[in-house]
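Trainee: I would like to request a close look at a single part of this model. Please treat it in one connected account.

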Amino acid sequence: FSIPDDATLSVMNSANGQSYEGDHYQIIVQTYASGDVDQTLQLVTGYRKDQLKPMKVAGETYSKYVCAWSAVSEEGDLVGRCAILDDGVYHYCLTVLVDARMAGELRQDIDALFADYSFEAY
């Protein structure tokens, strides 16, 4: 995926991935063992699969799960969006949390981020 050129971000690394912090959004990239999509969804979103009702898109070599939700945090209302790519070995997770007041203004950048999120051939 490509991060917007005009984004001002700080990067934080963790055992499972990276977090990119912007002024009004957070981009989180994580990798987990494949298998239980419900568990992965709960790890990356805080919600169970039956609460999110993700859409599954089956490809030739992998499956993709996408979902969106809203939440309340100490900083205010958030809009979340997630895509999980499952190749049968790992779950590659992209999660974006956006300040709800800025979600409309940032939608084009977030849409481009998710449109660009895929496996890249080497």
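Is Cys67 buried or exposed? And how far is the sulfur of Cys67 from the closest cysteine sulfur?

Mentor: This is a predicted model, in which local features need pLDDT of at least 70, side-chain atom pairs count only at pLDDT 80 or more, and totals for chains, interfaces and linings use all residues. Residues are numbered from 1 along each chain as its sequence is written, and side-chain values use heavy atoms, with hydrogens and water left out.

Cys67 is buried, its relative accessible area being 9%; buried means under 20% relative accessible area, exposed over 50%, and partly exposed in between, with a 1.4 Å probe and protein chains only. The closest cysteine sulfur to that of Cys67 belongs to Cys82, at 4.7 Å, which is too far for a bond. Cys82 is accordingly in no disulfide, a disulfide being a pair of cysteine sulfur atoms within 2.5 Å. In general, a disulfide is a covalent bond between the sulfur atoms of two cysteines. The structure holds zero disulfides. Cys82 is buried too, with a relative accessible area of 1%.

As for the setting of the pair, buried residues make up 34% of the 122 residues in the chain. The chain has three helices and seven strands, where helices (H or I, at least four residues) and strands (E, at least two) are DSSP runs numbered from the N terminus. Their order from the N terminus is β-β-β-α-α-β-β-β-β-α.
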